[in-house]
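Please examine the sequence and the structure shown below.

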Amino acid sequence: MRIDLDGVCARRRAGKSDAPVLQGISLAVARGEYVAVLGPSGAGKSSLLFVLGCLIRPESGHYWLDGMRVERLSEARLARLRGRRIGFVFENAALIPELSALENVEVPLVYQRIGSSERRARAVGILGELGMGPRLRRRPGELSPGDRQRVALARACACGPDLLLVDEPTRGLDARSGDEIMDLLESRSALGVTVVVATQDPARGRRARRLVQMRDGQVVRELAGGLRFGRSSAVVRRLRGRARRR
Amino acid sequence: MTRLRDVLWRGLQSILARPGRAALAAFGIGLGVAAALQLLGAVDTDSAADAPRRMPPARIHRLMVSHGERESVAAVWTTTPAEAQRAGLRAGEGRMLADLDLRDARRVAVLGAGLRAELFGFGSGLHETIQIGESRFSVIGVLEPRAAVPGSGEPDPNRAVLLPESVVAAHLAHLLPSAGAPAAGDGRGSGRAAPSLLGAVAAISLLLGGSALASAMLATVIERAREIALRRVVGATRREVFAELLLESVLVSTLGGLAGIAAALALEPGVSARLSGELVVWSAPVALVLAAFVGAAAGLVPALRAAGTDPVRALTSD
């Protein structure tokens, strides 16, 4: 999906404080682009993702999503839009603890009014793609943090979204599962899905093709990421190697 | 209706996750439904006529009966010959009520032996007249002495007056508290629950069950705030969230209602026969609808609250 933000300001109400969190963000992201948003905690990264995911309405400024004026859409339309075209992955995976991995992935499909057999098939398919095949019936509490994040990613991808919004996907993960999650995100972006990842960890962020540095609710700097950095080229080599093996 | 099934399934899972809470709410509603069933049974007197039993309380009224200067309070039972026979009452002198008495609404009465002695002393009393309210009845028979069944709460047959049921409308209606809501026993040795008492029990337990359910649902909504937020994130509209919670509430109360019906049926031969009338065929569906309605009312505020959840706040607060 194509994203255009023009001078977006937003507030977030948390308890009694009602603080401005975004102060005039302008950003354009092309379809299939892979963008990392970097910045210290409190810089407004998560808030930016919430605005992009139509969960916070901009207070001022404009937000176009594939040419649609988001601020003019009704709550119900926004919910539908989220369900069909936007996938979220949260820092803590945010799975429903009473449901199995499979059932968690089915949740978004329920709201798309997809029949139970097709739902199951799709959820099994996407979990299999992400390497969760043998652990479909486990509940989140019985999974490793890395696997939980995979399930969260599977859930985000279940409806075949055009935009993936990912908040701190690797926090709390060991280096290896963190790398795996990042690889999976890259592979999604290669399929034409627009991916926006918020992270505090510059090393992870550098794997993106484009870096957006935030501070105090503003974009302070944009960088090209990707091949310039040694780590990323290692990733690319690995991906190429994998492609060759197939 | 794949969605409905999903919602019911999720509701069931949520109930099973915290069985105690749902059980408490369901218990209150079940109790209310059981009481409501008894109430419906008590009001339905037609079916009560078919059941074998002792003198049923539904149409027994404590009324003043007199003969000349003598008077006494008697248990006036407006009945049919068949019913009196089932209650094990027979005439020792004269004759019992007959079908013709009923058909023609004849003003005839059969007295208990004890009552006869009070009104007529050593006289036989047959073919004499007694007065109940403004109406006179001719005595056609005297019951064989029979003891009341101990513990049944049945009035003493020795102090009873049997009248054909068909005379009530013409001659006694003004003396009775109101048609269809027969008087309770006088409290002396009467173990029967009056319909008004049952109504109060039903109303209070439905109210308590409903508020227990409302608070349980509210607790669920607060506990599951993250889950609800998450559902909103992955595409649920406010309306869908509202409908889900409301349905869950109706599910709990309906299950409670089913349990209440089961309990009422289980108690029927024992307790409920003494409480009042029969269970009627249509009373179970009516009670279920009542339970579902209570569930919907109780779930309204929690469901509204769930629908109003701000996903961002719910997901970011820890």
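## Basis of the model

This is a predicted model, in which local features need pLDDT of at least 70, side-chain atom pairs count only at pLDDT 80 or more, and totals for chains, interfaces and linings use all residues. Residues are numbered from 1 along each chain as its sequence is written, chains are lettered from A and ligands numbered from 1 in the order in which they are written, and side-chain values use heavy atoms, with hydrogens and water left out.

## Helix packing in chain A

Helices H3 (residues 101–110) and H4 (residues 116–129) of chain A pack with their axes 9 Å apart, at an angle of about 120°. H3(A) is therefore oblique to H4(A), oblique being the class left after angles under 35 degrees (roughly parallel), over 145 (roughly antiparallel) and 65 to 115 (roughly perpendicular). Axes are lines fitted to C-alpha atoms, for helices over the stretch in contact, and angles run from 0 to 180 degrees between N-to-C directions. Residues of H3(A) that meet H4(A) include Leu102(A), Val105(A) and Leu109(A), while Ala123(A), Ile126(A) and Leu127(A) are among those on the H4(A) side; contact means heavy atoms within 4.5 Å. By class, this contact of H3(A) with H4(A) has 9 nonpolar, no polar and 5 charged residues.

Helix H5 (residues 145–157) of chain A packs against helix H6 (residues 175–190) of chain A at an angle of about 15°, with the axes 9 Å apart. The two helices, H5(A) and H6(A), are therefore roughly parallel to each other. In H5(A), Gly146(A), Gln149(A), Arg150(A), Leu153(A) and Cys157(A) meet residues of H6(A), including Ile181(A), Leu184(A) and Leu185(A). The contact of H5(A) with H6(A) has, by class, 5 nonpolar, 3 polar and 3 charged residues.

## Burial in chain B

Chain B has 12 helices and 7 strands, where helices (H or I, at least four residues) and strands (E, at least two) are DSSP runs, numbered from the N terminus. Of its 318 residues, 49% count as buried, that is, under 20% relative accessible area with a 1.4 Å probe, protein chains only.

In helix H6 (residues 113–120) of chain B, the buried residues are Ala113(B), Leu115(B), Arg116(B), Leu119(B) and Phe120(B). They cover an arc of only 155° around the axis, which puts them on the same side of H6(B). Gly121(B), with a positive phi near 60°, follows H6(B). In helix H9 (residues 225–233) of chain B, 7 of the 9 residues are buried, so H9(B) is largely enclosed by the rest of the structure.

Technical notes
Nonpolar A, V, L, I, M, F, W, Y, C, P; charged D, E, K, R; others polar. Buried < 20%, exposed > 50% of the residue type's maximum accessible area, 1.4 Å probe, protein only. Arc of directions from axis to C-beta.
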